[in-house]
Amino acid sequence: MRIFERENYYNVINGYKDIFLIKDQNGQPIIPETYVTNTTIDEIYHLFSLDRELRNLFLKYLLIFENSMKSKISYRFSEKFKEPHAYLLWKHYSSSNLNQVLNLIAIISNKIKQKSSDKKNNSIKHYLTVHGNVPLWVLVNDLTLGNISNFYQALDDTLKEKIAKDFSLQFKRDYGAAFQISKESIIDVLKIANLIRNLCAHEERLYNFKLHHQTRTRHNSQLLNIPGTQLDGRLFTMFALLKLVLPKKEHKELKSSLDKLFNSYQGKFPTLPFADILAIMGFIPNWKIYF
């Protein structure tokens, strides 16, 4: 009763009951739905709470990556194209996907229009009024991670590679690795990060996240020295890929926080091995050996 005074019954029970249900030989819940013997509401609520803490944790470090990505894009793009509002000119982007470029320009244009007509003061309105233009390093603060992902993909290969090299230099400083992080790997990180960022923002289930389309497993596996079978698009894949784009200090903090979180929930599921929950997230029992 105390739980459902605070939380929505549907969100807790319907959202997290699945792994506590008895399954048939095809892995589907039997009908009528039947819980594993001795399952309690407390166990289901513990999974709900674990997922909430996972969302808060990943969101913290995804925001660090998002800010870093925005900074690098705005710096490198503005370094190459000096004129005001250069980001509104289709000629400054790759010609390989014109529809994507035009959609991006339309989104940016609408964002500027919306902010400039806002009754409240904001940075975009200020720069238009005082300076007559909005620098990209100001604009990016009002773009979503999805917008930034599209922005990066719309850039020409030279700029994509230069930004990827910025991440490579950071990785080399932190880990002493001499390899180049490819633009394809940056796109992989952006795509999965945007999906998980949205899940976190809307408080949707995260622990059982799974990509519908795989990332470039072979290349990322070589970069991270992790077997490709481990990078199967689950939550562990996001954790692993963040190593490529976060400073070493932040990624170590994320690893330590995950380890502490998993340990704190280790004994809270009497009817279910905690290793089964970790497996759903893509974390094998000795997952820390890769980091």
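**Figure 1. Lys111, a buried lysine without a salt bridge.** In this predicted model, Lys111 sits in helix α4, which spans residues 98–116. The lysine is buried, yet it makes no salt bridge. Its nearest side chain of opposite charge belongs to Asp142, 5.6 Å away. If you set aside the neighbours within four places in sequence, Lys111 is in contact with Ile124, Leu139 and Asp142.

**Figure 2. The largest pocket and its lining.** Here you can look into a pocket with a volume of about 210 Å³. Its lining is made up of 13 residues. Nearest the centre of the pocket are Asn11, Tyr16, Phe48, Glu203 and Glu204. Helices α2 and α3 each supply at least two lining residues. The largest share, 5 residues, comes from α2.

**Figure 3. A cis peptide bond between Ile31 and Pro32.** Follow the backbone from Ile31 to Pro32 and you will meet a cis peptide bond, with omega near -5°. Pro32 belongs to the loop that runs between α2 (9–16) and α3 (41–80).

**Figure 4. Asn38, a non-glycine residue with positive phi.** This view stays with the loop between α2 and α3, where Asn38 is found. Although Asn38 is not a glycine, its phi is positive, at about 75°. Is Asn38 buried or exposed? Asn38 counts as exposed because its relative accessibility is 63%, and the threshold for that label is over 50%.

**Figure 5. Asn225, with a positive phi of about 55°.** Asn225 is not a glycine either, as its name tells you, yet its phi is positive. The residue lies in the loop between α10 and α11 (235–245). With a relative accessibility of 65%, Asn225 counts as exposed.

**Figure 6. His213 in the loop between α9 and α10.** How far from His213 is Ser96, going by their C-alpha atoms? The two C-alpha atoms are separated by 22 Å, and the residues are 117 places apart along the chain.

Methods. Residues numbered from 1 in each chain as written. Predicted model: local features only at pLDDT ≥ 70, side-chain atom pairs only at ≥ 80, totals over all residues. Heavy atoms only, no water. Helix = DSSP H or I, 4+ residues; strand = E, 2+ residues; numbered from the N terminus. Buried < 20%, exposed > 50% of the residue type's maximum accessible area, 1.4 Å probe, protein only. Lys, Arg positive; Asp, Glu negative; His and termini not counted. Salt bridge = Lys/Arg side-chain N within 4 Å of Asp/Glu carboxyl O. Contact = heavy atoms within 4.5 Å. 1 Å grid on protein atoms, 1.4 Å probe; cavity = no way out; pocket = protein on both sides within 12 Å on 5 of 7 lines; lining within 4 Å. Points joined across faces, edges and corners; volume = space filled by probe spheres on them.
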